[in-house]
Amino acid sequence: MSYDPYAPDPRRPSYQPPHDDPFPPSFSDLPPAESVPPLASRTYPTYPWQPDARPEPDERRAPVHAPLGHHSDLRILRGAYRWQRRVATLTALGYFTLFLVLSASAPGFMTAEAAGGLPTGLLLALAQLPVTWLAIALYEHTARVRVDPLADRIRRQAALDAKRGAGR
């Protein structure tokens, strides 16, 4: 058996490029010129990986104001709420941590007698309740002063956005 370099390989299918058409069309096979659309209006199939042409967007007027999701008030509100949580948390937990550190590192100070014969540690432990009330009061104050006005303004803006959106 001899090797023929020009014989087709049975393991690979034969492929003919599209430009090597063995039977080119004759002029008698073409449709009449009046039935062929102009070149600009012809549509050709696209490859499967190419997206279809996008439809034209509807003509709408642009909104005068930015939508609610792009509003800087939301970022300010998140910052105010974050600040509010930090102040209240650090007030309550900071005092409690200070009490624990003093209990572990300064037992002489904590067992020393303070006013009325009570140990200092007991007085500091009893002061935990007013400090917790102070943290709650700070939380409510910062909510009234910083967070609630921003939330009310955003709520009113959202209501206006909803009314404008319903009118479209």
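1. Glutamine 84 is found in helix H1, where helices (H or I, at least four residues) and strands (E, at least two) are DSSP runs numbered from the N terminus. With a relative accessible area of 2%, glutamine 84 is buried; here buried means under 20% relative accessible area, exposed means over 50%, and partly exposed lies in between, with a 1.4 Å probe and protein chains only. Leaving aside neighbours within four places in sequence, glutamine 84 is in contact with Tyr139, Thr142, Ala143 and Val147, contact meaning heavy atoms within 4.5 Å.

2. Before going further, please note that this is a predicted model, in which local features need pLDDT of at least 70 and side-chain atom pairs count only at pLDDT 80 or more, whereas totals for chains, interfaces and linings use all residues. Residues are numbered from 1 along each chain as its sequence is written, and side-chain values use heavy atoms, with hydrogens and water left out.

3. Glutamine 84 and valine 147 are 63 residues apart along the chain, and their C-alpha atoms are separated by 8.1 Å. Glutamate 140 is 56 residues from glutamine 84 in sequence and 8.8 Å from it in space, C-alpha to C-alpha. Glutamate 140 has its place in helix H4 and, at 45% relative accessibility, counts as partly exposed.

4. Leucine 74 also belongs to helix H1, and at 25% relative accessibility it counts as partly exposed. The C-alpha atom of leucine 74 is separated by 8.3 Å from that of leucine 150, although the two residues are 76 positions apart along the chain.

5. Helix H1 covers residues 72–105, and at 1.5 Å a residue its 34 residues should span 50 Å, which agrees with the 47 Å between its end C-alpha atoms; the expected span is 1.5 Å times one less than the number of residues. H1 bends by about 25 degrees at leucine 90, the bend being the angle between axes fitted to the seven residues ending there and the seven starting there. The buried residues of H1 are Asp73, Leu77, Ala80, Gln84, Ala88, Thr91, Ala92, Tyr95 and Phe99.

6. For the chain as a whole, there are four helices and zero strands, and the order along the sequence reads α-α-α-α. Of its 168 residues, 13% count as buried. Among contacts with a separation of 6 or more, 62% are accounted for by residues 24 or more positions apart. The accessible surface comes to about 14,700 Å², with 63% of it belonging to carbon and sulfur atoms; these areas come from the Shrake-Rupley method with a 1.4 Å probe, and for residues only the protein chains shown count as cover.

7. In one of them, aspartate 152 pairs with arginine 155, with the closest N and O atoms 2.7 Å apart. These two residues are three apart in helix H4 (residues 128–166), so about one helical turn separates them. Aspartate 152 is partly exposed at 34% relative accessibility, whereas arginine 155 is exposed at 54%.

8. Aspartate 161 forms a salt bridge with arginine 164, and here the closest N and O atoms are 3.9 Å apart, a value to be read against the cut-off of 4 Å. Aspartate 161 and arginine 164 are likewise three residues apart in helix H4, and about one helical turn separates them. Aspartate 161 counts as buried at 17% relative accessibility, while arginine 164 is partly exposed with a relative accessible area of 42%.

9. A nonpolar patch on the surface is formed by Leu118, Leu122, Leu123 and Leu126, which together have about 320 Å² of accessible area. Patches are made of residues with over 30% relative accessible area and no salt bridge, like charges being joined within 9 Å and nonpolar side chains (Val, Leu, Ile, Met, Phe, Trp, Tyr) within 5 Å. Leucine 123 is found in helix H3 (residues 120–126) and is partly exposed, with a relative accessible area of 32%.

10. Threonine 120 lies in helix H3 as well, and at 14% relative accessibility it counts as buried. Not counting residues up to four places away in sequence, threonine 120 touches Phe109, Met110, Ala112, Glu113 and Ala114.

Note on methods:
Salt bridge = Lys/Arg side-chain N within 4 Å of Asp/Glu carboxyl O.
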